[in-house]
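Student: Could you take me through one part of this model in close detail? I would like to see how a single element sits among its surroundings.

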Amino acid sequence: MDKLYIFDTTLRDGEQVPGCQLNTVEKIEVAKSLEALGVDIIEAGFPISSPGDFNSVVEISKAVTWPTICALTRSVEKDIDVAAQALQYAKKKRIHTGIGTSDYHILYKFNSTQEEILQRAIAAVKYAKKYVEDVEFYAEDAGRTDNEYLARVVEAVIKAGATVVNIPDTTGYCLPTDYATKIKYLYEHVNGIQNAIISTHCHNDLGMATANTLAGVMNGARQVEVTINGIGERAGNTALEEIVMILNSHKELNVQTNINTRKITSISRMVSSLMNMPVQPNKAIVGRNAFAHSSGIHQDGVLKNRESYEIIDPKDVGIDENSIVLTARSGRAALKHRLQMLGVELKDSKRLDEIYEEFLKLADRKKDINDNDLLLLAGKERAANQRIKLEYLQVTSGVGIRSVASVGLNIAGEQFEAAATGNGPVDAGINAVKRIINRKTTLNDFLIQAITKGSDDVGKVHMQVEYEGNVYYGFAGNTDIIAASVEAYIDAINKFVR
């Protein structure tokens, strides 16, 4: 079977989603899980964009062993210099450079000509080649680029030394038939195309990212650029789990990957938790309802023969119905084991003790502790280190009366208290916090997500708060949804109150 290279850009394209930025420690955690998952290339960042991105590429290069570490650049020598410096510790390194090739980019973004862009593309590849052997070139907005001109660019950059050529559908515009035709055209018209790997990079603006990626693979592309859960700018990217499981389910395509599919669910949940980005319940492969059956006819069929309504065995993507059930009587060893299965390594026994104490408190309030609960607990130390902390919250609410909330905050070790009314318990609690911090803020977005279906479930709250023209994102989880809402608001204000 043909080998398909999995190029994961969760830490670059995926992390460009507003409110989903990770710190370096979190990026290393994701990178190690991607390595365990079996991805071939990890795009670790855009080094020149910020000191944080530069440092993340450096540290990820040190932390992982066998995947190629890739750094993104523009077709600018300074970008390439900085990328090469960031990759100095990578065991296997790649520079990913490129430029827009569509008329939209050439005329309006660069105010240039096709010939000038062609020369800039060649120069960028040759310059990157001075630093690394493995150079990938991206033809930005290739999806809307004339095929004849695109073929000229691809042929030129391969001749200049590109080992991989990326054909992005940057705006998610292409129909699968058009994208398939584009890849096929390149294989038929580019001299020397056998000397490089053709890559897909498809966006989901019209919901066709996975279909376009598959069309590219079926017409010769042998690298796919994907993200966990399909996260990414705007409507997102091709989801790694979707393209991998399509190929696993359709052996007749004669293409295989190096992915350990049993780790898909755990890394999906970890990325969702770290990036504070919920996975929609009906999301293919990793959604909460992906293997749920509510129709009586479906339930009867599945009980008689699973394959009647399931084309994928849940165990193949890491959902094991026979996994250890965690309760208030579970010990530290069971908790540590389950966290390790979710990709959370606890080398510090003190941190394990802290999470275990929080686990016991939660277990006393809930009948069942699920994986998402554990990931929330594992991430709570971030809140413990915040400048503003919620000490207590008391709310009076009911039908026919106005809600009243009293809150106590610890701000840098000093205690503050306030009370306020509101149009409901959440509004009252946030109003009380506003009285203490005395900042004029606007709540732009408010999302509550229940992880499972019980009334004792942990609710996850995502919040978007605007302050002085800037937008800040807050996140919290709690079995008390009112407390989770107030904690999410406090998480957001911690990012601008100093």
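Tutor: Let's look at helix α8, whose buried residues are A209, T210, N212, T213, L214, A215, G216 and V217. Buried here means under 20% relative accessible area, with exposed over 50% and partly exposed in between, using a 1.4 Å probe and protein chains only. Bear in mind that this is a predicted model, where local features need pLDDT of at least 70, side-chain atom pairs count only at pLDDT 80 or more, and totals for chains, interfaces and linings use all residues. Residues are numbered from 1 along each chain as its sequence is written, and side-chain values use heavy atoms, with hydrogens and water left out.

Helix α8 spans residues 209-218 and is mostly covered, eight of its ten residues being buried. Helices (H or I, at least four residues) and strands (E, at least two) are DSSP runs numbered from the N terminus. The cover over the buried residues of α8 includes the strands β7 (164-169), β8 (197-202), β9 (223-226) and β10 (255-256), together with the helices α7 (176-189) and α9 (240-249). After α8 comes G220, with a positive phi near 120°.

Notes. Contact = heavy atoms within 4.5 Å.
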